[in-house]
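Reader: I am new to this structure. Can you show me how to read its features, one at a time?

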Amino acid sequence: MAAERIFDRAVSVRVRGCGCEERRLNVRVNIELLSISNPVHKKDLAVRLTDDTDPFFLYNLVISEEDFQSLKSQQGLLVDFSAFPQKFIDLLQQCIQEQNKDIPRFLLQLVSSAPALDHTPVSLNVVETNPFKHLTHLSLKFLPGTDAEIKKFLANCLKCLKEDKKMLEEKLKKTEEDLTRQLSYTQQSLSEKSRELDKLKNEWTAYTTALSNKHSQELTSEKERALQAQTQYQQQHEQQKKELENLHQKSIQQLQNRLSELEVINKDLTERRYKGDSTVRELKAKLAGLEDECQRAKQEVLSLRRENTTLDAECHEKEKLINQLQTRVAVLEQEIKDKDQLVTRTKEVLDATQEQKVILEESTEEKQRHIEKLETTIKSLSAELLKANEIIKKLQGDLKTLMSKLKLKNTVTIQQEKLLAEKEEKLQKEQRESQEMGQSLQMKEQEVDKLREQLESTIQKLEESKQLLKTNENVITWLNRQLSEVQMAKKLDSPASAPAAGRAAVSPLSMPDRPLFHSSGISHPISPLYAFQNFVEPTHGKNGSSQCPVSKVQLNSQLLKPSQCLDAHTVPAARHAANKENGDQLGLESKYFKKKDDSIPLRGLSQNTLNSEYLRPYLPAKAQPSPKAAGTPASAYFPGS
């Protein structure tokens with residue numbers, strides 16, 4: 001069971017007993033909301049009346065929802081159980097506002113059947129006074145507290161007092177500690193100042209003793225010389241002594257003034273600190289009060305909204321009731337008119353019978369019979385009228401039950417409409433989320449398509465790079481083979497047979513351009529290097545009778561020098577012979593010499609192999625080494641490397 005305190009304040013109450021004078025009493029009203037969840041979740045309103053001066057003064061009232069319904073029907077309340085606590089608190093606050101006035105508009109009355117408040121039930125009335133009469137807005141019956149309840153209440157009070165005592169003791173300890181700290185600090189500062197004063201006094205005494213010694217020496221030394229000036233010196237000495245004493249007194253006064261100022265400053269600072277602490281506490285209390293007021297305002301807004309809805313529903317229901325009652329009034333008026341007509345008719349019939357009785361005394365028996373018949377008809381009419389009244393009462397009871405059912409139906413329909421609105425909001429949220437998910441799915445699919453395209457492009461680039469790698473490896477192996485064969489040919493040439501070998505070597509000018517091998521099935525022209533590889537043979541077995549002796553070709557790190565007998569016209573001719581057919585470059589297609597971003601450079605080839613005189617006639621014109629660029633790197637001939 002959880003309790004939520006809503007109101008706890010002392011209110012001035014007028015106590016009235018049986019045969020006693022009215023007196024005033026300050027009563028503390030405590031209102032709590034008790035929420036009970038076992039076995040069914042429900043809320044009860046607990047109101048407690050106590051007196052701060054009398055601990056045995058205790059009256060309790062617990063109102064459940066069922067009790068409130070009976071209270072509502074008895075006192076004609078227009079408020080539901082959920083809004084009743086706040087309305088009751090509003091009434092109490094109005095009483096508190098008016099309690100200091102001479103003629104208060106709202107006041108609280110504690111009425112007892114006994115002469116004194118002595119363990120008897122008491123009723124608390126909220127009364128509004130106007131010039132005409134006293135209006136009781138609310139009357140609540142309180143039961144006196146039992147011994148167990150009083151003991152429990154006193155135990156709670158004792159517990160609260162102990163907690164307050166602990167809090168106050170802690171605050172006292174803190175304040176004592178702060179004061180002791182401040183006192184020790186001031187004592188330390190005072191001791192320091194007194195030490196400074198003693199130092200100054202000692203210095204001043206030392207200074208005065210030194211001066212007196214000096215003057216006494218001067219006096220003794222000059223007594224012999226000038227007795228006349230002794231009086232003058234004495235006067236001067238006395239004047240100086242007075243001035244020094246005055247200065248000393250002034251400095252002492254200044255120090256004392258400074259000490260007093262420091263003490264005043266210290267006091268001001270302590271006062272400011274205490275004031276700051278008090279302002280902080282006041283601000284905290286104000287903040288708490290403002291927060292409470294904000295919560296109360298929120299609760300009031302909620303209760304007003306609920307009241308507005310309930311009042312709208314009640315207004316609608318009352319309009320319906322008014323319409324129904326108006327129709328009923330019209331029907332009843334018509335019935336009354338009919339009954340009046342019947343009564344007038346019966347009166348006329350009675351008059352006629354009386355006249356007939358006076359005129360025709362002889363036919364009295366017949367007339368009596370006729371009168372009896374008329375009486376029987378009147379009795380039947382009265383019985384019918386009584387039955388009609390009973391039927392009207394039954395119809396009124398049925399109408400009341402129907403109205404209660406209609407109220408229940410209205411509340412159920414309002415709840416269903418709220419549930420439908422919440423479900424529609426949830427549906428809209430889910431539809432929005434599904435739309436957002438669809439959009440995100442479309443975005444993801446687009447990203448997946450883009451990634452697939454990127455993957456395909458990267459796979460294509462990979463395949464192209466693999467093909468380029470294969471072609472580059474083929475070119476490198478072919479060039480290495482050519483170089484190894486050239487080096488083998490050079491090794492086979494001895495120094496003695498070098499001129500003969502040079503003469504017998506096939507000149508680039510006499511080499512066929514590109515031989516075709518029709519018998520082997522190769523129809524495309526073969527590169528000059530391939531022709532050189534196949535047709536150039538070592539010349540160490542032949543005679544050395546050649547017209548143009550060729551000097552030994554030396555492989556140098558910078559440049560391979562051509563032989564002396566080759567003049568300047570042979571090189572362009574060799575170039576022309578090498579590039580004669582289809583503008584071929586070294587027997588390879590032009591794509592192998594174009595620079596690409598994703599190509600792999602040719603490594604493992606030295607500069608000597610590319611600058612060799614054996615390869616120069618078969619290189620393209622752009623790739624020919626100039627005489628200046630002797631040490632041109634391999635990238636000049638193979639841009640892709």
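Author: Start with a cavity lining. This is a predicted model. By class, four nonpolar and three charged residues line the second largest cavity, with no polar residues.

Reader: Which residues line the second largest cavity?

Author: The lining consists of Lys193, Glu196, Leu197, Leu255, Arg258, Leu259 and Leu262.

Reader: How is such a space found, and how much space lies in the second largest cavity?

Author: The general idea comes first. Rolling a probe the size of a water molecule over the atoms shows where empty space is left. Here, the second largest cavity holds about 90 Å³. The count of cavities of 30 Å³ or more comes to eight.

Reader: Which helix gives the most to the lining of the second largest cavity?

Author: Helix 4 does, with four residues. Helix 3 (147–223) and helix 4 (228–359) each supply at least two residues of that lining.

Reader: What does the UniProt annotation cover?

Author: An unreviewed UniProt entry carries the annotation "domain: SAS-6 coiled-coil" for residues 147–176. In the model, that span is 100% helix and 0% strand. Its end C-alpha atoms lie 42 Å apart.

Reader: Now the nonpolar core. Which residues touch the most other members?

Author: Again, the general idea first. In soluble globular proteins, nonpolar side chains tend to be buried together. In this model, the largest nonpolar core has 36 residues. Ile31, Leu49, Phe88 and Leu140 touch the most other members. Helix 2 (residues 84–98) gives the most to this core, with seven residues.

Reader: What does isoleucine 31 touch, leaving out residues up to four places away in sequence?

Author: Its list holds Glu4, Arg5, Ile6, Phe7, Leu45, Ala46, Val47, Phe88, Ile89 and Leu92.

Reader: Is isoleucine 378 buried, partly exposed or exposed?

Author: Read its relative accessible area, which is 42%. Buried means under 20% and exposed means over 50%, with partly exposed in between. Isoleucine 378 is therefore partly exposed. This residue lies in helix 5 (residues 364–492). Valine 343 is 35 residues away along the chain, and the two C-alpha atoms are separated by 9.5 Å.

Reader: Step back to the protein. How many helices and strands does the protein have?

Author: Count nine helices and seven strands. Buried residues make up 21% of the 641 residues. For contacts, look at separation along the chain. Among contacts with a separation of 6 or more, 59% join residues 24 or more positions apart.

Technical notes. Residues are numbered from 1 along each chain as its sequence is written. This is a predicted model: local features need pLDDT of at least 70, side-chain atom pairs count only at pLDDT 80 or more; totals for chains, interfaces and linings use all residues. Side-chain values use heavy atoms; hydrogens and water are left out. A nonpolar core is a set of buried Ala, Val, Leu, Ile, Met, Phe, Trp, Tyr and Cys residues joined through side-chain atoms within 4.5 Å. Buried means under 20% relative accessible area, exposed over 50%, partly exposed in between (1.4 Å probe, protein chains only). Contact means heavy atoms within 4.5 Å. UniProt positions are given in the numbering used here, feature names are shortened, and annotations may be inferred rather than shown by experiment. On a 1 Å grid over the protein atoms alone, a cavity is a set of points where a 1.4 Å probe fits but cannot get out, and a pocket is an open set with protein on both sides within 12 Å along at least five of seven lines; lining residues have an atom within 4 Å of a point. Grid points are joined across faces, edges and corners, and a volume is the space filled by probe spheres set on the points. Ala, Val, Leu, Ile, Met, Phe, Trp, Tyr, Cys and Pro count as nonpolar, Asp, Glu, Lys and Arg as charged, and the others, Gly among them, as polar.
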